[in-house]
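Have the viewer open and follow along.

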Amino acid sequence: MLLPPRPSSICSTCWNGPLRERLGLSGQPIERSWDFSIPAHSCTGGFAYDISSEDLLSGTSSRCKWCLFVVKHCPKEALRLPAQMMRIRVGNTRQGDFVVIINNVEVRNGFVYTDLVDPIAKYVPRGSHPPDVESQRALALAKACLERCVRQHDSCRKRSSLHPKAPSPRRLIDCTNPLRPRILDTKRTPCVYVTLSYVWGEDQPHKTSSANISSYIRHGIDNETLPQTIRDAIYVAHTLQIQYLWTDGLCIIQDSPEDKRRELASMRDIYRHAYLTIDAASAEKATDGFLQAQSLSDSGLPLPFFYPRGHGEQAEIGTLYISHSVKRPLQDPRTRYGSYNVASWRVRNNGLTTIDSLTGGYTGRRAWCLQETLLSTRCLVFSDSTVQLRCQTTTRNINGAPHNDSLDVPRLPGVAFYPQPRIERYSYEWKNIRQLWSRIVREYSSRSLSYPSDKLVACAALAETFACALGSEYVAGLWDDSFIFHDLLWQRTSWSPRPVAYRAPSWSWASVDGEVSMIFDYLDPSAEALVEVIDCKVAAQSKKLPFGPVSDGSLILRGRLFACASGQESPLAIVHLQLGSTRGAYRYTTRILVGPRQTRTLKVCMNVFIDILIVQVEPSYDFDDTVNSKELWAVPVLKRFLHDGGFKQCEGLLLVPDTIPSIRGGAKSKRKKRRVFQRVGHFRTYSPENAWKLASDAERSPVTATEFELV
């Protein structure tokens, strides 16, 4: 192979070493173990070489880009001695990640790419979209991916064929003339259309209203008055030769509550029957647009890259880019989430998630957009770094480069989209779908909402889909079946006051803001319920939105209430004193009052997870006027056993009487026949000593079971 002339930006050591070997990209993929105790030098694949710290630092003095890159990420201890040798291994993994390992430490995890028009594009494992994603070339690649999906993907075709004559949305945008689109009253006639998933981010002055809808239907809409994101979507639909587009800002009469309720009730069908959803992931707000020209040089480290064409021929040379770092996850997502890959497997980096930095973008942070993605058969994602087609089979860059599916949001099982799903209740498949809901709740609750009152309505279409598959009654984010005990034990990862405006009962995760964890194993045979559900009901705000917002909710349980005490201090005071130094839970030894009249005490060690800030903490820590030591109650909900049958742990709820105005915004319960409580937290015992008495059978328990109500 005839090497091209060495550029001045690369030293001779790197040019004849890692760059000559094409950074290990042409070799076998690097095989890594998720067992972090295994040293990295036991990895195989890629390209490995040895270099002294003296030679490496010499390369930086000549401004060698690769040496500067390595030194930037190299462990400091490896550079202390000039003659000290270090081993560097570079290459791609089977998942398409580009990794750099220095002295047994993985210091870089990202991806490599180039421009599609670059001479080396066909040799690079991961490509990039052209800088001008508006070009015919880029959209032709997208159309080819769509056609390949339609022809070759059985699961995608099967899902599309489930509803061959499904009615179209009530209104669509006719994109025949992109410069003068118009709203079409479809009369629900079946047709092929695309939908748009995007972030409003601001008001849309020319959105459809009662005053302008007649004009939009008869005379069309001046393209110049529309937000750039909608204009881009119309252009993409027209270029892909799809005549109709649905977007909420134009297809719903925004000043008509009645029209909003009617269209929101159809959201599930609108997205699942669409041929394609355009995901404007790179647009922070509607006026930004998503077809902006991308500058490759600003989005990664450029390196000269060459590839041989044949014996005796000059190698092809171009520019390769190494992406900004994507940190390695702390654990294998397969062990944490089983067979489902969930976007909640994330590594925080400056407030962004891994999925944000790769494909999720701004729509990956918005709660409304999650159901739009999950319900769509196909999504064409326009992100900052690439353009991808996400279908029910795979996620793929439009240039055919590989994609790491473990960074994807989950895909709903095909059975969830059958007209009349027939899943045997409590079967293995049923439990898997049930658990998938819990994982979706975690992803959904971590996303943002402009209006907190949308907490339940923004996932209503997903809830309707799961209700059809599970055959269970939906109650404000939970499911009223034999596994409701698991759902009650959700926990928060941060604290804030409960919203002043009522939107869900306190036992629902929808009653709080922020990320909620609901990862419980519904297949665990050792879990046994310690409470009995007497009644569970919620009141929907509108009969047209049975899976939407609620105005009231009640859960009546029969179980054992244990009063908590801790000397002269309130347990709630201890909770507040430790909030600032904890990350979600803390260990707390409380005295549980037991006995016929709850006169005896029992020390129990537990992890405590608090939902809300009940009172403000003053420097004096004086809680006597707000909460006394008898106002915190523990209710055991589940007990678990070890493999040998021995007691493992007990989990339950922390309650306070429904008399504290700061929790319900001053609302008062109308129930008077039984004690009424609100949930304020969740506990899990971490020491079996004494804790088993909380979970003992009714006949052996020192506390009598009683009926009580949660609101």
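Take contacts (heavy atoms within 4.5 Å) between residues at least 6 apart in sequence: 71% of them in the protein join residues at least 24 apart. Bear in mind that this is a predicted model, where local features need pLDDT of at least 70, side-chain atom pairs count only at pLDDT 80 or more, and totals for chains, interfaces and linings use all residues. Residues are numbered from 1 along each chain as its sequence is written, and side-chain values use heavy atoms, with hydrogens and water left out.

## Burial

Of the 711 residues in the protein, 56% are buried, meaning under 20% relative accessible area with a 1.4 Å probe, protein chains only.

## Two helices that cross

Helices here are DSSP runs of H or I with at least four residues, while strands are E runs of at least two, both numbered from the N terminus. The protein has 18 helices and 29 strands.

On one side of the H13–H14 contact sit Ala367, Leu370 and Leu374 of H13, and they meet Ile440, Glu443 and Tyr444 of H14. Sorted by type, the residues of this contact come out as 5 nonpolar, no polar and 1 charged (Ala, Val, Leu, Ile, Met, Phe, Trp, Tyr, Cys and Pro are nonpolar; Asp, Glu, Lys and Arg are charged; the others, Gly among them, are polar).

## A buried arginine

Now go to strand S28 (residues 675-685), where you'll find Arg679. Arg679 counts as buried because its relative accessibility is 0%. Leaving aside neighbours within four places in sequence, Arg679 has contacts including Trp490, Trp507 and Asp611.

Definitions and conventions:
Buried means under 20% relative accessible area, exposed over 50%, partly exposed in between (1.4 Å probe, protein chains only).
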